[in-house]
Amino acid sequence: MSKFKQTLNYILKRLALMVLTFVVIFFICFILVRLLPTTVDSGMKDPEIFYKTMVSQGRMKQVVDQYGKVTYVTTPVFEQLWIFLKGLFTPGNPYPWGLSYKIEWLNSPIDVLTKRLPSTVLINIYSMLISIPCGIGLGIFMALKKNKWQDHVLSVLVMLFISVPSFVYAFLMQYLFSYVWQILPSMTESSSVGWFSWAMIKSMILPVLSMCFGSIAGFARYTRAELTEVLTSDFMLLARTKGLTRAQATVRHAFRNSLVPIFPMILGEIISVLSGSLIIENIFSINGVGALYLQSIQMRDYDVFQFVSMFYITIGLFGTLVVDVSYGIVDPRIRMGGGK
Amino acid sequence: MNNKKTATAILGFVAGMSLVACGGGGNSGKTYTYNTYLSTSPTNWNVHNWETSDESYITSFTEMGLYDCILDEKKTGYEFVPEMAEEFPIAVDSADLTDEEIDTYYSKIGNPPSGVVWDIKLNKNAVWEDGRAIKADEYVQSMERQLNNKLVNYRADSYYNGSLVIANAETYYKQGRQTTEPAFNYLNADTGEVPDDTGYWYMSLSAKTPYADSVFSGLDEESENLYTVLNQRSSKASDPVELAATRVNLGYAYYIWQYTSHENSSHKDSWDKVKSPKDVSKDMIMEFPNYVDYQEFSNNDVYVPRTSDTTWVDEDEDGIPDNEDKWELWSEKAAQKDLQTFVAGIGRGTQYAKTWSWKYASFTLITTVNPEDEVKFEEVGIKARDEYTIRLYLSKSITNLNLKFALCGNWLVNIPLYDKLNVYVGGELKGTKYATDSAANYMSYGPYKLTNFEAGKLINIERNDKWYGYKDGKHEKQFQMDAIKTTIIKDHGTAMGEFEKGKLDDIDLNVNDMRKYGSSGRRSTTYESYTQKISFNTKRSKLLERQGGEANVNKTALANIEFRTGLSLALDRNDFARAATSGSKGFTGLLNDLYLSQVSTGEAYRNTKQGKSVYNAVYGDKGGTKPGETTESGENIPLDESKCGYNKALAVNYVADGLQAELTSSDTGHLQAGNKIDIEFRVYDSESENTIAAFNFLNTAWTGILNEACDVLRTRGVLGADENIELNLHMVKDEDYYDSAKNGNYDMIFSIWGGAAINPTGLMEVYCKADFVSCCEFGFKGQQNSVVLPIDQNGDGTVDPDTEIKSYDAWYQLLEGDSTPLNEGVFGDELQPGDKDYEAWKNIHEQRMNILAGLEAGIINRFEAIPLVARGTSSLLGFKVENATDTYVSLIGYGGIRFMTFNYDDAAWDKFCAEHNNNLSELYQTYEG
């Protein structure tokens, strides 16, 4: 079997498993969130309003007995699931994933999420574009200067940036750049100025930097560790003895080999552009997706929770597949779908 | 502040004030933008559906009521003005109604009483932001959407459940649906029947019911339930009413414990630990949403105590009491009988003595309208008389004043857009997206229009040039700003940073900010109607019991009024407010500036001569030294009012006298030299920053005073040279500290009471009513109907011993009792000097105020409840703008956006900020106003 066919088989098998995993997680999410205690306001204004909300969300239903007596009972969770699935697969249903009743009144969960995605994605992409080259570059430099003062100084800084949570330097940078030196805005701009306008880009500098310091440090540490190991390998000695310069040997042999474990990290970073940081978004007033997931659970906005969960699970499942497949591309020694 | 900056600021203000005159229209080419923020983004600002104050934020700029309540010319009170209405409501004489009108709206009652039919002439210049005229029919159609039984809008009850009750509105809203309603609203007072009685009767301790309001006045929304009534009343073990209340409480708790699912409860962990009905807490009961059919108490084994002894023994934990001699099975009839005993027992007047009066405290299933007997909207009491007149047919009389209050809100929506945005799922109408999501989903008609709404980020509101008010000559110098830019900023630190840079024109202050900006002249406070007090346990026998036999520990000193008076005088309340609160102000009274003595004029009780007399009545005879004594210089220095009840020298004297009396007392367990006065301070959260700050403040103040008092006692020879008395004030966390106080298991708590600002006399209930269970002053509890108080009721300067000395409870009944002869309500609500009954009303009003002030002073003078602060929250207002008044006016605040003026236009403000390096922090801190 050719390598291509082998890889294709592997991918198809993984896709089938992904569908199964998706379905299992879908059911788990659906059932678990509905098993959470319902929040009933203490000293409620009017139980009728509570019932109305619960009925709208499908959590309860009104039952009228033969004598006309009305009661509200909790809809069995599997009945709720059945109703949800019917809605999901009904052709022409404008709201296949239901409606948000809390976060955004009567908006579809798809709209709720997609409205918040651009700012999160942009900040993550900018952060990634800075952190990957800077982190890897710094790692290479540290590896080449191993055990010299430059390496020691940078290692201390790297440890510092890895250890300190990003919101700490977010606050610090906001204070210095926005309030003391007043050279950058403390909050991101509204989308009305245009996502790619200079005003928007400028307003994103601080959150982007806050997001990328940790990543830079992470990439640098990882690259340094991998490259240091490769640089001391026997084949590097062979490469030098063959007459390659240090730079040639490093770039052509050492760096490529050290990328094998780093490349999936980069892919992971790319996939994570869709997820937001709750605290960074709060500090810089970014209307991103960071708080959405938590909010949907806290406010019991069931349909939003279900959609957001399944969206990220889909991304995660595809991401894992891409990362796994990428191993084979980066390192030809790794074969996909090998039996043994 | 350095001189240069001060000068700049002042110059800025002078220059700025000159700009005000030309503000408000943008004609000068200058723009005036108000920059503010919200920490939470509104999601649904539809007037039919909004829930939180953030959601009504947008409409406060973009919509307008038929009337508005605004700051009066003197800027000390309020007045009503017509806005979307052309003139004030016109009462329609019922004799002028046609037969058709009476048949349609008043068929059940025949001839309607006065005050139920009103004509509202609409403002003919009112238009939507797109220029389309707003006519009477759109108001009528908007009311149809408000009350539509498919939309089930959250605010529908505003038009049938308050003072404004539109005929057939409730029926129209509830038609085709079955609802469980408080029977109180529907009971026939003679027969006890309800309309469409289906025979299902329910009990709910948590659901809101007007029955609670009929027992207690001034309840907040969360307390308007049967649970409150059952638990906030007097308790005597032998009292059958008490037993009935206990049986209802525990029977209900037993039922929901044993026979309902707790899987969906947020108190699931607590439910899992319940071993007896007595373990079911208030929160667990209040969270239970269902109504319990009385039949359930017969269909299931529900145990209730036979006597006041509620000891629960259940060795095998099967939920069945082993001591069945003390518990018995409940039933439908027994439950109704218990409730009957309770309702009749605490009821005032005759209506609750009926054999069916348990129904007043019950709920019933109401089939308001049978599907085959549909109510048409034409039968709902709102009708367009012509293009610009609507007529309201109400089913409950309302006074002109209350109608104007009620119509300060509006129900108007843009019908074509509203209907276009309806959301259907599976053919079922779920609601409308009107006024949600974006500016395109909304249409303004007020002084401003919504131009951009970006959820979670930004709200842009700009001047609505189509608004009638800019051309009618009635709104001169009002609404001066051209735009309001609101940013959603969740992080307080970020918002503060923006404010200090001049990017925001206001900021809310928290307790940390208060340390920085607490003394700023730009700080203003929004007050609540609550007073925070220290409440002591002053009952000597209870204190002695709590003191126990522990060596060198004393608690009984708290029973000494001079000692407590000293502790009160030792507190600089202004310092306390600065150190331990985020915006409250030092206060010595029980009723703060918000309480109104006269609602029609907005006169504050505190501004009346009676309100002003209270401070003097409490502290007036307390000079710099004790009465009859003089200072070293021979003067009797009056207690400076600005000190807010603080006088250290006097405090030392009072504490020394109190301690001396205790030391020389012959009472059992009295204070002895070398004792530690142990004060257990029960607090809700001993970890909170505010509580710790308050504790430290009190501890420092009182320890210092006690040490000085000991020096005085040594000088007097009461204490030996090496003898001392110490204070041990310590906090104990107690989330149910009110219940602890209710039972006397405390030495000291913070008690916080407040009520409706329009009803200051109602608040006296918590201090003066002998059977008010949650009374926080245990030493006075239950004695209110035996301890007497002289009050100069008629204000003639003397107290008549026959008629003007009464118990606290009797004075309270004279204010609030059902059959009080001092009833102002019979005179209506808007009497003017010269009116026929004005003098009669004035006489009664003055007497009521005299009694109120007398009670307030009487309570404070007992020094069992020591007022500390009037609660409030603070904010800073930027230099760019000015409020209309510096004095907080009840119901109005500082005048709001309508009267706000600008010191700087946008360009001048940017220049001002730049001149101060975009850092105004120091200016705000040092500005003295």
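1. Rings of Phe, Tyr and Trp (its six-membered ring) count as a pair if their centres lie within 6.5 Å; planes under 30 degrees apart are called stacked, those over 60 edge-to-face, and the rest tilted. In chain A, such ring pairs join A:Phe22, A:Phe26, A:Phe27, A:Phe30, A:Phe84, A:Trp97, A:Phe307, A:Phe311 and A:Tyr312 into a cluster.

2. A note on the basis: this is a predicted model, in which local features need pLDDT of at least 70 and side-chain atom pairs count only at pLDDT 80 or more, while totals for chains, interfaces and linings use all residues. Residues are numbered from 1 along each chain as its sequence is written, chains are lettered from A and ligands numbered from 1 in the order in which they are written, and side-chain values use heavy atoms, with hydrogens and water left out.

3. Over all chains there are 72 aromatic pairs by the ring rule. In one of them, A:Phe161 and A:Tyr169 have ring centres 5.4 Å apart and planes at 65 degrees, so they are edge-to-face. Buried stands for under 20% relative accessible area, exposed for over 50%, and partly exposed for what lies in between (1.4 Å probe, protein chains only). A:Tyr169 is buried because its relative accessibility is 7%, whereas A:Phe161, at 26%, is partly exposed.

4. In chain B, the rings of B:Trp467 and B:Tyr470 are also edge-to-face, because their planes stand at 75 degrees, with centres 5.2 Å apart. B:Trp467 is buried at 1% relative accessible area; B:Tyr470 is partly exposed at 27%.

5. Which chains meet, and through how many residues? 58 residues of chain A are in contact (heavy atoms within 4.5 Å) with 58 residues of chain B. Together the two chains bury about 4400 Å², 47% of it on carbon and sulfur atoms; buried area is the accessible area (1.4 Å probe) that two parts lose on being put together, summed over both.

6. The interface of chain A and chain B holds 1 salt bridge by the rule, which asks for a side-chain nitrogen of Lys or Arg within 4 Å of a carboxyl oxygen of Asp or Glu. The side chains of A:Lys115 and B:Asp437 form a salt bridge, at 2.3 Å from N to O.

7. Within chain A, leaving aside neighbours within four places in sequence, A:Arg224 is in contact with A:Gly139, A:Met142, A:Ala143, A:Lys146, A:Asn147, A:Asp151 and A:Ser155.
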